[in-house]
Amino acid sequence: MDKILEVKDLHVNFATYNGTVQAIRGVNFDLSAGETLAIVGESGSGKSITVRSILQLLAKNADINKGTILYHGEDLLKKSKKEMDNIRGNKISMIFQDPMTSLDPTMTIGKQVAEPLLIHNKVSKKEALGRAEEVLRLVGIPNPKERMNDYPHQFSGGQRQRIVIAIAIVDYPEILIADEPTTALDVTVQAQIIDLLKELQQKIGTAIIFITHDLGVVAGIADRVAVMYAGKFVEYGSVDEVFYNPQHPYTWGLLDSMPTLDTSEDDHLNSIPGTPPNLLDPPKGDAFAPRNEYAMQIDLEEQPPFFKISKTHYAATWLLHPDAPKVTPPKGIQKRFEKFKKLGDSK
Amino acid sequence: MAEDKEAIVQVKHLKQYFNIGKPNEVKAVDDVSFNIYKGETFGLVGESGSGKSTTGRSIIRLYDPTSGQIMFNGKDISKIKSHGPQMKKFRREMQMIFQDPYASLNPRMKVKDIIAEGLDVHGLVKNDDERDKRVRELLDMVHLNPEHMTRYPYEFSGGQRQRIGIARALAVDPQFIIADEPISALDVSIQAQVVNLMQDIQKEQGLTYMFIAHDLSMVKYISDRIAVMYQGKIVELADADEIYSHPLHPYTKSLLSAIPVPDPEIEKTRQRIDFDHKSSFHKGQKLQEVIPGHFLYCDDTKAATFK
């Protein structure tokens, strides 16, 4: 498949009062046309900063001090402000987490949805409004023609998120970045929005980068998954590989600390002890080592490289080194391995 | 539910309306009845606006209920005066843990003063030494370093702050704790830490919990019984396993079908069930026990089909 986006060795620092926070510490990934890549991680892991770097929507104290972001082979980091304006909301657009704050309360939704088209100077106002109406219908706003003149407060939370999506897709972007688009929503509304994104992807062929901390949502939407911890990817692979054949102890911890509907109350939940490291002074070795019950001496001293598990599946843990001792992963993970075997056999 | 179980809380026909008589009247809790038994964890789930938090806040008397009774250890507490001695006694026996660990701790107070506030109000310690000793005990109980008692809330992470909130609730030796979305604001890896802690403390101290949440998989894990709320009403109430394996109300079915499961194979085959509000609610319906221990909001004709 065509790689439309390639992020290479991305490093982002933030200058703060307390010193330099090394928020992104060498991230590599690519995105193919029409696919969905999910980036999973906890707050502070750097997932939002990674995708905001693509559109250069970072705070003033941020510094992308290393790396390239190639969009169709051209480095976005070398583009001028004007050139970036042409890409944003047009070729690459973004949906933010909070539908309450990402809409302008003083502007009718028809105008807000039409705005990207008018800014990019392609069509007349009438045409833009016509297209806005069409897109509002596409995202499932009832009676779009009448509701074009309503203001955001006249819509429910789920409808507002649909409007935010309408703005993002009105120009049929090639890449849609969705940063926790369903976190603020109720589960039934969340399910509707995810179905909508999948449907839109089929209709307009957009590639999606989906950011979330909810592994359940990832399982439902992603083709490929990247797990992020302390400013780095620790594991990535196809959705089946990451969910059924996870290799990094952090991925194990994440998958195992969520109760599934058949976890009984007698089992203690497997919590990950401790808290993420302070990125003002990142640890020398594997950043997860202090919380990792499988950590070895080398984890504290040297950062693990990515080890190849399959053509599409990589994990950065010393446990995959040929000389590493064999460890027994948690029970819940072993169950996942069994499922992976069955999947392999059936294929 | 077995008859021999002793109810610690009995809610009878509780109504909590806001803006009564005005055009914007809200029936946040609309005629809700249930019991919570000693030692159990009672889960209350629902989506935003369903009235689950309001129910919790009415029980602990942060609001004055519009009508109905709230019996706590057999005494009606729905009408006791806000600042009287009865209220003070009641507040010692029932405590609350809040959702947002950032907003629920006073940023200008030291951790030891936050935790000891209840001890001071109720005169439970005689002097500073005793007070410090008790605060140390409590911090130890929630697995925080007692040496950190002189620090301020901003020096702690979200999960640690929620532990401080738990220590504060435990300080006055309550019998019953209402936890309103205590883990929603926390990261996945930290949620399990807090839930495990709450369960350990429950076992040690024989506490009863009401656990309010929208995260259905965590609620199932922690609760003995679960009530599902929708638009101010309890539409279904049963044992945790029963409600997940045999949901009866269309809203419960729709809610369960929307839970994302961290398993791609399950997600691929998932069928979402839509819920049509208009066809599901009409007059003559009430919450009734249709199968032993399993309550459903329905009319008598529907209830008869289960006999």
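How many bridges join strand 1 of chain A to strand 2 of chain A? I started my notebook with that one, and I kept in mind that this is a predicted model.

**Entry 1: the sheet in chain A**

I found 11 bridges between strand 1 (residues 3–16) and strand 2 of chain A, and the two strands run antiparallel. Then I followed the whole sheet: four strands of chain A, in the order 2-1-4-5, form an open sheet with antiparallel pairing. Strand 2 and strand 5 (74–75) of chain A each have a single partner strand, so they stand at the edges and one side of each has no neighbour in the sheet.

**Entry 2: two domains in chain A**

Next I checked how chain A is divided, and I noted domain 1 (3–222) and domain 2 (227–346). Their C-alpha centres lie 29 Å apart. The contact between them takes 21 residues from domain 1 of chain A and 17 residues from domain 2 of chain A. Which elements give two or more residues to the domain 1 side? I listed strand 2 (19–32), strand 3 (36–40) and helix 8 (215–221) of chain A.

**Entry 3: where chain B meets chain A**

I moved on to the two chains and found 28 residues of chain B in contact with 33 residues of chain A. On the chain B side, the elements that give two or more residues are helix 6 (188–205), helix 7 (216–222), helix 9 (250–257) and helix 10 (264–269). Helix 6 of chain B gives the most, with six residues. I also noted the classes on this side of chain B: 13 nonpolar, nine polar and six charged residues.

**Entry 4: the nonpolar core**

Which residues of the largest nonpolar core touch the most other members? Among its 172 residues, I wrote down A:V113, A:A166, A:I209, A:V225, A:V227 and B:V228. Domain 1 and domain 2 of chain A each give at least three residues to this core. I then took a look around A:V113: leaving out residues up to four places away in sequence, it touches A:A132, A:V135, A:L136, A:I163, A:A166, A:I167 and A:V170.

**Entry 5: an annotated stretch of chain B, and B:I166**

An unreviewed UniProt entry carries the annotation "domain: ABC transporter" for residues 9–256 of chain B. I checked that span and found 38% helix and 25% strand, with its end C-alpha atoms 27 Å apart.

I picked B:I166, which is found in helix 5 (residues 158–170) of chain B. Is B:I166 buried or exposed? I call B:I166 buried, because 25 other C-beta atoms lie within 10 Å. Leaving out residues up to four places away in sequence, B:I166 touches B:I97, B:V142, B:L197 and B:M198. I also looked at B:I201, 35 residues from B:I166 along the chain, and the C-alpha atoms of the pair are separated by 9.9 Å.

**Entry 6: a hairpin in chain B**

I finished with strand 11 (residues 286–291) and strand 12 (residues 294–298) of chain B, which run antiparallel and are joined by five bridges. The bridge partner of B:I291 in strand 12 of chain B is B:H294. The two strands form a hairpin with two residues between them, and I noted a positive phi of about 85° for B:G293 in the turn.

Definitions and conventions:
Residues numbered from 1 in each chain as written. Chains lettered and ligands numbered in written order. Predicted model: local features only at pLDDT ≥ 70, side-chain atom pairs only at ≥ 80, totals over all residues. Contact = placed C-beta atoms within 7 Å. Nonpolar A, V, L, I, M, F, W, Y, C, P; charged D, E, K, R; others polar. Core = buried A, V, L, I, M, F, W, Y, C linked by C-beta atoms within 7 Å. Buried ≥ 20, exposed ≤ 12 C-beta atoms within 10 Å, placed from the backbone. Domains from an automatic or database assignment. UniProt positions renumbered as here; feature names shortened; annotations may be inferred. Pairing = 2+ DSSP bridges.
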